[in-house]
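Hi,

Here is the structure I promised to pass on. Have a look at it first, then read my notes below.

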Amino acid sequence: MWERDLATIKKEIHDALNGSNTEKAAMILRNPAETTFFWGFDAIAKAPPGAIEPHENVIKQLNKSENWEPLYSLWLMNGLTSVAEALGARRVPYPETDPHQVGVHEKTAQSTDQVLDQIEAALTVKLKFPNPFPGELGLASSRGIVGFRSIHAIYQAWRIAQLAKGRPDFRVMEIGAGLGRTAYFANIFGVKDYTIVDIPLSNAAQAYFLGRVLGPDCIRVSGEAGSAQINVMSASDIGPSAGRFDLIVNIDSWTEMSRDTAEAYWKFARSATNAVLSINHEHNGFTVRDLYSKDADVTARRFPYWTRRGYVEEYLTW
């Protein structure tokens with residue numbers, strides 16, 4: 001999909017960003033809801049002809065008779081409360097009791113802001129959800145619109161910060177970073193040496209988003225001199241010159257690549273780190289476990305992903 005279908009769907013965007021019309025490129029970067037630019041990695045996108053937004057499609061498949069948006073908000077709220085439960089900021093509901101007792105301990109914390117209060121208390125960090133793009137869909141809060149990807153990015157960044165253990169020199173590489181929301185929250189949580197590797201079209205979206213929400217001085221893209229807290233680079237630029245990393249992260253993309261591409265990234269990870277955090281589904285032709293199971297020295301800690309059913313979290317060390 002990433003190497004063929006999306007290249008066709010996004011050809012006009014690619015040509016505009018690669019061209020000389022600065023005004024046209026700026027319009028695409030500033031208002032992605034009007035184009036397919038973010039299609040495939042973020043919900044702020046216009047569906048290609050004949051398609052509907054994937055999350056809308058999920059809800060409509062589950063319930064064809066109801067308006068999908070209220071059900072979507074419930075799905076988002078479930079994800080947000082799952083983040084709070086994962087952090088230990090909120091008790092996990094116990095279903096094997098009288099129905100009126102299920103979730104009894106959290107009945108006073110039901111709104112988006114109340115759950116965010118719980119999460120902030122556990123993290124000891126103030127959360128902000130910057131919304132630089134018009135048309136973002138999510139839960140309303142006093143901290144900004146809380147979208148689907150942002151909810152998951154909080155948990156993912158927290159896991160990365162857990163593994164970093166406060167080390168100021170902890171180096172992270174994320175392969176396939178979506179819009180860069182996990183990098184944004186990881187930066188807030190104290191992980192300041194972060195490298196994103198992706199295809200060039202996604203790099204443009206990541207650099208623009210992170211430059212808007214963290215400031216242009218925090219970002220360095222391929223070809224720029226100097227250093228920055230977040231490096232955004234093309235997959236064609238990775239290699240020995242990238243150096244060593246304390247952790248390589250992949251979220252929701254490894255099993256959607258071609259097998260050859262996934263194998264190449266795994267081979268790179270084996271040479272560039274001793275620890276990988278993977279959060280991926282197992283629906284497609286191969287799994288992340290297929291990549292590492294042949295390596296006898298890899299220790300895998302594998303468990304269900306807290307905030308989205310159907311995904312597996314694997315922490316791999318060697």
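**A helix and a pocket**

Helix α5 has 19 residues and reaches 27 Å from its first C-alpha to its last, close to the 27 Å expected at 1.5 Å a residue (that is 1.5 Å times one less than the number of residues; helices are DSSP runs of H or I with at least four residues, strands runs of E with at least two, numbered from the N terminus). This is a predicted model, where local features need pLDDT of at least 70, side-chain atom pairs count only at pLDDT 80 or more, and totals for chains, interfaces and linings use all residues. Residues are numbered from 1 along each chain as its sequence is written, and side-chain values use heavy atoms, leaving out hydrogens and water.

Now the second largest pocket: its volume is about 520 Å³ (the space filled by probe spheres set on its grid points, which are joined across faces, edges and corners). A pocket here is an open set of points on a 1 Å grid over the protein atoms alone, where a 1.4 Å probe fits, with protein on both sides within 12 Å along at least five of seven lines; lining residues have an atom within 4 Å of a point. Of its 23 lining residues, W75, N78, T307, R308 and R309 are the closest to the centre. The largest share of the lining, nine residues, comes from α5.

Enjoy!
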